[in-house]
Amino acid sequence: MANLSENQLFPYRPIPFYYITTHDMAELTYEKFYADLADMKAKGYGGVIPFNRPINGFSEELYFTEDWFIMMDNCIRACHDLGLRVVMDGVFNHTSPEFFAFRDLCNNQERSSYRDWYYVKEFPICRIPGLHNYKCFSYFWGMPKVNLRCEAAAKYFTDVALYWLRKTGMDGWRLDVADEISHDFWRSFRKAVKSEFPEALIVGEIWHHAPDFLQGDQWDSVMNYPFYRSLLDFAAEQTMQPSEFAGSLGFQRGNVHSAAWPLLWNLAGSHDTARLLHLCGEDKRRQKLAAAIQLLMPGMPMIYYGDE
């Protein structure tokens, strides 16, 4: 991956959502972002800031306003001027029930042009929680799963990825629930993205070992949850001996392509986990040990906002 180096810090902060909920849109100028983000640069960050996902959310009226595009442009320009990269959070595995394709499916049932975009067990569609009759992420009725084996759906979401790279000048995608999408889709996705944006970073969210996704034909990196679990066992909860921890890291390295090993996103916390200090029993010595290991390991430390 060009221009990405081992041990480059990756702050994980949902910048736009934070600013939208604490500022008026008119306040979110280039100068405002630059001043705030300069502090992150001063702390040594050189990596990426995943944005809140701009597609398929419940609040489409927020995400698709001109003010939103202006705010994103201001933020991304400020990040780039400070030498910070920007990666957007993409959810292509499932949508909101308010997403246009699913709404059309509910309105037109089996006559919908989007009937093959989702996994519907039978018609008519039932959206009653617990009685819903379509496949969902995490069995939650409000996150209908997309059928990316459908050519039209696969093309749409690939085009979405390219659109935002072109529109914003951002630097890549962090892909939510990426292991629940087929290898064929990711191979096609990578070809489309890299052919136009060869330096765009493609990172998958996956909670287990992912060597099959890191062979150079799908993702560049992953959120390294196997490292996270070993780090907690050793440094935070202290249920693992040093020799066991070293063995765990050796196993992880042996199961990852050598070219991907320096690019793994090594995390000590995320939006899906408890805060590190809490898991350390409020013992800051344990927290500092975990942080030291995270920062010194080969790979790219991913710091969840607040933990810095």
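User: How are helices picked out here, and what is the expected span of one?
Analyst: Helices (H or I, at least four residues) are DSSP runs, numbered from the N terminus. The expected span of a helix is 1.5 Å times one less than its number of residues. This is a predicted model, where local features need pLDDT of at least 70 and side-chain atom pairs count only at pLDDT 80 or more, while totals for chains, interfaces and linings use all residues. Residues are numbered from 1 along each chain as its sequence is written, and side-chain values use heavy atoms, with hydrogens and water left out.

User: What span should H9 have?
Analyst: The 13 residues of H9 should span 18 Å at 1.5 Å a residue, and its end C-alpha atoms are 18 Å apart, which agrees.

User: Which residues of H9 are buried?
Analyst: Phe245, Ser248, Leu249 and Gln252 are buried in H9 (under 20% relative accessible area; exposed is over 50%, partly exposed in between, with a 1.4 Å probe and protein chains only). They cover an arc (of the directions from the helix axis to the C-beta atoms) of only 95°, which puts them on the same side of H9.

User: Why would residues three or four places apart point the same way?
Analyst: Because an α-helix has 3.6 residues a turn.

User: And what is exposed on the other side of H9?
Analyst: Ser243 and Gly254.

User: Now H11. Which residues are buried there?
Analyst: Gln287, Ala290, Ile293 and Gln294 are the buried residues of H11. They cover an arc of only 130° around the axis, so they lie on the same side of H11.

User: Which are exposed on the other side of H11?
Analyst: Lys284, Arg285, Lys288 and Leu296.

Technical notes: Helix = DSSP H or I, 4+ residues; strand = E, 2+ residues; numbered from the N terminus.
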